[in-house]
Amino acid sequence: MEERDRAVPLSDSLLARCYLLGELSQSDLARVDERLFSDDRFFSDVLQAEEELMEDYLESRLPDEERAHFERHFLASPSRRRSFEVTRALLRRGGRYAALPAAAPDAAALTTPGRARLRIRRWAIAASLAAAAALIVVLGKGLRERPSGSVQGDSLGDTVTLALSAGLVRGAQVVPELVLPAGTRVLRLRLDPPAVESTGYQAVLRTADGEPVWDDRDPRREQADGAAPIVLRVPAVLLEAADYVLTLQASGAGGAREDIAGYFFRVSAVSDRGRKR
Amino acid sequence: MSVNSPSLLTEAAFDRRLARLDPDRDRAGEKYELLHTKLSKFFEWRGSPWPEEQADQCLDRLIRRLERDDRVDNVEAFVAGVARLMVLEGWRERERERGLLALATSPVQPAEESNAREASDRCLETCLSGLAPDESELIIEYYRGEGPDRIPRRRELATRLGVPMGVLRLRVHRIRSRIEGCLRRCLGPARLVQSEVAPAEAPSAYSSRKG
């Protein structure tokens, strides 16, 4: 293990990185050990450095020398490797949604300029409703089932459930509409998928003006029964008062995906929800 | 694992011990939790194979000391000293385990790797669904996206929650610890880290500890 002796003190973030890569002298190591317990901020710096090292390694951003240190020292310990594997699994899952934008900020947490931007964005969404109708028609072209169905909403604890029948997109006379009450954390969508042969599904939620909001690459049926509804759990924090289009895609045997159903619903109001205690 | 591990104590006995850290029960609980988090990360960073157990043992030593003698002026310094001593004590044992690790390690074939990844993904979904909804949302949001793009997302998440980044990181760490325990139970200890050597004694504290 290479140890570094320095005349000039390292910054805390670099010190933390060297600590994790096993590059500190014994005297520096002892000082770092003590600071971990006496200095909460420094402890957080080391947590951050660990997070950055693991993520940089997994995404091939570490320079060669650091990469070698990481493999020789950091991954040599079973407990650090367990932690590393958790990061790897979470990143792999998180990367499935890489194309999506950051979650919409909670309105209650926004500063005044933030609120102004949100108002402008909402105005833009309202102004684009006419364009949204066109989008819905375009989406509808690929659909195998025509609109007919019903929507029902209920609320249990921090979850609001909305049942959508297939084809509420094209020609729907009544737009399914819901209010997300205070404390809502999850919008649970129960979908009746059309009866098509498929090896799997994918659901993509967009605003009516086509902006991606969320997706689920592997939505599951409520029960193993092949006729059971598909259930999606959308984090409520991603939703604001707006119109939404949900597209359900099915994968064929060759892996090709095809739009098989579209669902349209409106969130008419959101209370101050999603703020963690 | 120590027989005095908190996981084996009655709630009343554990409360009495907590009261030694602070007369206010909530503050004592917070102090205990932060100390445990720091200790488990410290032991992990210093290469202990079972950091959670060592964190329990270290806190046991602290509590026993507090029961014998209230005059521990600086709890953090005391804990740091005990923890460093435990690292030195455990060095010889870890060297032995490292030898076993080297013997147990075998190259992972691509097919095995692919199976392991699929099993890990399935177990992760199971583990996420076992968390409280706000916890699973938080951890999913925290790891959403790719590369440097995650950094502003995380800052935004902290702002939305109204907490500093350090507090968010601690919350994430606690959720991760529970996911790690869940993954080990789901995959089996040999699968989460393929070359890992399981301890002689099952780590019961992992499944009983609250986030």
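A: Let's start with a term we'll need: a polar contact is a pair of N or O atoms within 3.5 Å, and within protein one must be able to donate a hydrogen and the other to accept it. Residues adjacent in sequence count only if both atoms are side-chain atoms. Also keep in mind that this is a predicted model.

Q: Which parts of chain A supply the side that touches chain B?
A: Helix 1 (12-20), helix 2 (26-38), helix 3 (40-58), helix 5 (78-95) and strand 8 (230-235) of chain A each give at least two residues. Helix 5 of chain A has the largest share, with 16 residues.

Q: What classes of residue are on that side of chain A?
A: It has 30 nonpolar, eight polar and 23 charged residues.

Q: How many residues are in contact across the two chains?
A: On chain A, 61 residues are in contact with 61 residues of chain B. The two chains bury about 5500 Å² between them. Carbon and sulfur atoms make up 57% of that area.

Q: And how many salt bridges cross the interface?
A: The rule finds 11 between chain A and chain B. B:Lys38 forms a salt bridge with A:Asp40. Their closest N and O atoms are 2.5 Å apart.

Q: Let's pick some residues. Where is A:Thr87?
A: A:Thr87 sits in helix 5 of chain A.

Q: Is A:Thr87 buried or exposed?
A: Buried, because its relative accessible area is 1%, and the cut-off for buried is under 20%.

Q: What does A:Thr87 touch?
A: Leaving out residues up to four places away in sequence, A:Thr87 touches A:Met54, A:Glu55, A:Leu58 and B:Arg176. There is also a distance to look at: A:Thr87 and A:Glu51 are 36 residues apart in sequence, with their C-alpha atoms 8.3 Å apart in space.

Q: What about A:Ser44? Which helix is A:Ser44 in?
A: A:Ser44 is in helix 3 of chain A. A:Ser44 counts as buried because its relative accessibility is 12%. Not counting residues up to four places away in sequence, A:Ser44 touches B:Gly166 and B:Arg169.

Q: Switching to chain B. How far apart are the end C-alpha atoms of helix 8?
A: In chain B, the end C-alpha atoms of helix 8 (residues 165-187) are 31 Å apart. At 1.5 Å a residue, the 23 residues should span 33 Å, so the two values agree.

Q: What comes just after helix 8 of chain B?
A: B:Gly188, which takes a positive phi of about 90°.

Q: Back to chain A. How many helices and strands are in chain A?
A: Chain A has seven helices and 10 strands. Of its 277 residues, 49% count as buried. Take contacts in chain A between residues at least 6 apart in sequence: 64% of them join residues at least 24 apart.

Q: One last residue. Where does A:Gln249 lie?
A: A:Gln249 lies in strand 9 (residues 242-251) of chain A. A:Gln249 counts as buried because its relative accessibility is 16%.

Q: What is A:Gln249 in contact with?
A: Setting aside neighbours within four places in sequence, the list includes A:Gly200, A:Tyr201, A:Arg257 and A:Asp259. With A:Asp259, the side chain of A:Gln249 makes a polar contact of 3.1 Å.

Notes: Residues are numbered from 1 along each chain as its sequence is written. Chains are lettered from A and ligands numbered from 1 in the order in which they are written. This is a predicted model: local features need pLDDT of at least 70, side-chain atom pairs count only at pLDDT 80 or more; totals for chains, interfaces and linings use all residues. Side-chain values use heavy atoms; hydrogens and water are left out. Helices (H or I, at least four residues) and strands (E, at least two) are DSSP runs, numbered from the N terminus. The expected span of a helix is 1.5 Å times one less than its number of residues. Contact means heavy atoms within 4.5 Å. Buried area is the accessible area (1.4 Å probe) that two parts lose on being put together, summed over both. A salt bridge is a side-chain nitrogen of Lys or Arg within 4 Å of a carboxyl oxygen of Asp or Glu. Ala, Val, Leu, Ile, Met, Phe, Trp, Tyr, Cys and Pro count as nonpolar, Asp, Glu, Lys and Arg as charged, and the others, Gly among them, as polar. Buried means under 20% relative accessible area, exposed over 50%, partly exposed in between (1.4 Å probe, protein chains only).
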